[in-house]
Amino acid sequence: QVQVTESGGGLVQAGDSLRLSCAVSGGTFSTYDMGWFRQVPGKEREFVARISWTGSSTFYAPSMKGRFTISRDNAKSTVYLQMSGLQSEDTATYYCASAQDIHNSFQAITPRFYRYWGQGTQVTVSS
């Protein structure tokens with residue numbers, strides 16, 4: 001059974017930085033593409049970023065590119081999301097998910113192509 005656990009969320013001020021972590025256990029982490037999504041109540045889950053299983057390819061939602069950086073450490077079975085220049089609009093619950101069949105951009109940004117999900121970590125940005 002694959003388990004995905006996010007951590008690192010919290011309350012920050014606008015302009016601050018924050019790093020989220022996502023630990024994966026029970027599977028072969030080095031074979032998974034990993035993605036970060038976020039969601040606010042009443043809205044659909046929104047794609048944030050994705051990193052290939054090798055770490056050589058990354059992909060971001062346009063509004064996050066340049067502010068957020070996704071990375072991974074296969075030796076630690078962990079993926080990270082470094083967020084900078086946080087704004088109140090970034091307030092959301094952030095979810096990490098794994099996938100093994102991501103072949104194009106559409107799949108990368110679509111939640112249903114990810115199999116295992118964490119419970120989420122709340123990020124609140126105060127202005």
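This is a predicted model: local features need pLDDT of at least 70, side-chain atom pairs count only at pLDDT 80 or more; totals for chains, interfaces and linings use all residues.
Modeller: Local features need pLDDT of at least 70 and side-chain atom pairs count only at pLDDT 80 or more, while totals for chains, interfaces and linings use all residues. Residues are numbered from 1 along each chain as its sequence is written, and side-chain values use heavy atoms, with hydrogens and water left out.

Colleague: What makes C22 and C96 a disulfide?

Modeller: A disulfide is a pair of cysteine sulfur atoms within 2.5 Å; the S to S distance of C22 and C96 is 2.1 Å, so the pair meets the definition.

Colleague: Why is the disulfide of C22 and C96 called left-handed?

Modeller: Because the torsion about its S-S bond is about -80°.

Colleague: How do you know whether C22 is buried or exposed?

Modeller: Buried means under 20% relative accessible area, exposed over 50%, and partly exposed in between (1.4 Å probe, protein chains only). C22 has 0% and is therefore buried; C96, also at 0%, counts as buried.

Colleague: Why is the aromatic pair of F37 and Y114 called edge-to-face?

Modeller: Rings of Phe, Tyr and Trp (its six-membered ring) pair if their centres lie within 6.5 Å; planes under 30 degrees apart count as stacked, over 60 as edge-to-face and the rest as tilted. For F37 and Y114 the centres are 5.0 Å apart and the planes make 80°, so the pair is edge-to-face.

Colleague: What places R45 over the ring of W117?

Modeller: The rule requires NZ of Lys or CZ of Arg within 6 Å of the ring centre and within 35 degrees of the ring normal. R45 lies over the face of W117, 4.8 Å from the ring centre.
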